[in-house]
Amino acid sequence: RELAAGAGAWHLEILAVKRVILNPLNPQDRNLLQERTSPAIARENISFNYPSRPDVSALNKVSINIQKGQTVASVGTSGAGTTTLFEMLQRF
């Protein structure tokens, strides 16, 4: 339980970070602010194995669809892949 509580606190710390990238001020960049109807993050069938353990899947065909402004929690036991999923999503 302590590991899960620590991981949860870590995720909350990241969410509380003040954004550094501000909205564009130039009129030609306004298209970056347009509302989109597609999800902010949508990935399907994510699979991942760490090089140190190629025979064990850290993620196996995981799909995720997060809408703009939606709050999502990733919860699981130690070794379930929640941290791996979060770290991979930061790369998209």
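I start with asparagine 45, which lies in strand β1. Its phi is near 55°, a positive value in a residue other than glycine. Most residues other than glycine have a negative phi. Lysine 61 is a further case, again with phi near 55° and again not a glycine. Lysine 61 sits in strand β2, and with 62% relative accessibility it counts as exposed. Exposed means over 50% relative accessible area, buried under 20%, and partly exposed in between, with a 1.4 Å probe and protein chains only.

Some notes on the source. This is a predicted model, in which local features need pLDDT of at least 70 and side-chain atom pairs count only at pLDDT 80 or more, while totals for chains, interfaces and linings use all residues. Residues are numbered from 1 along each chain as its sequence is written, and side-chain values use heavy atoms, with hydrogens and water left out.

Now the overall layout. The protein chain has two helices and two strands, and from the N terminus on they run α-β-β-α. Helices (H or I, at least four residues) and strands (E, at least two) are DSSP runs, numbered from the N terminus. Of the 92 residues in the chain, 13% are buried. The accessible surface comes to about 8,000 Å², and carbon and sulfur atoms account for 54% of that; these areas come from the Shrake-Rupley method with a 1.4 Å probe, and for residues only the protein chains shown count as cover. Among contacts between residues at least 6 apart in sequence, 43% join residues at least 24 apart, where contact means heavy atoms within 4.5 Å.

Next, helix α2, which covers residues 82-89. Which residues of α2 are buried? They are Thr82, Thr84, Leu85, Met88 and Leu89. Seen down the axis of α2, these buried residues fall within an arc of 165°, so they line one face of the helix. The arc is taken over the directions from the helix axis to the C-beta atoms. As background, an α-helix has 3.6 residues a turn, so residues three or four places apart point the same way. What do the buried residues of α2 pack against? They pack against β1 and β2.

The largest nonpolar core has seven residues in all: Ile46, Leu59, Ile64, Ile66, Leu85, Met88 and Leu89. The elements giving two or more residues to this core are β2 and α2. A nonpolar core here is a set of buried Ala, Val, Leu, Ile, Met, Phe, Trp, Tyr and Cys residues joined through side-chain atoms within 4.5 Å. Take leucine 59 from that set. Not counting residues up to four places away in sequence, leucine 59 touches Ile46, Ser47, Phe48, Gly81, Thr84, Leu85 and Met88.

Threonine 82 is buried at a relative accessible area of 15%. Beyond its neighbours within four places in sequence, threonine 82 is in contact with Ser74, Val75 and Gly76. Threonine 84 is also buried, at 10%.

Where is tyrosine 50 placed? It is in the loop between β1 (41-49) and β2 (57-66). Tyrosine 50 is partly exposed, with a relative accessible area of 36%. Its contacts, leaving aside neighbours within four places in sequence, are with Ala58 and Thr84. A polar contact of 2.7 Å joins the side chains of tyrosine 50 and threonine 84. Such a contact is a pair of N or O atoms within 3.5 Å; within protein, one must be able to donate a hydrogen and the other to accept it, and residues adjacent in sequence count only if both atoms are side-chain atoms. The two residues are 34 apart in sequence and 9.7 Å apart in space, C-alpha to C-alpha.

Last, the aromatic rings. How many aromatic pairs does a search of the whole structure find? It finds one. Phenylalanine 48 and tyrosine 50 form this pair, which is edge-to-face, 4.8 Å centre to centre with 85° between the planes. Rings of Phe, Tyr and Trp (its six-membered ring) pair if their centres lie within 6.5 Å; planes under 30 degrees apart count as stacked, over 60 as edge-to-face and the rest as tilted. Phenylalanine 48 is partly exposed, at 25% relative accessibility.
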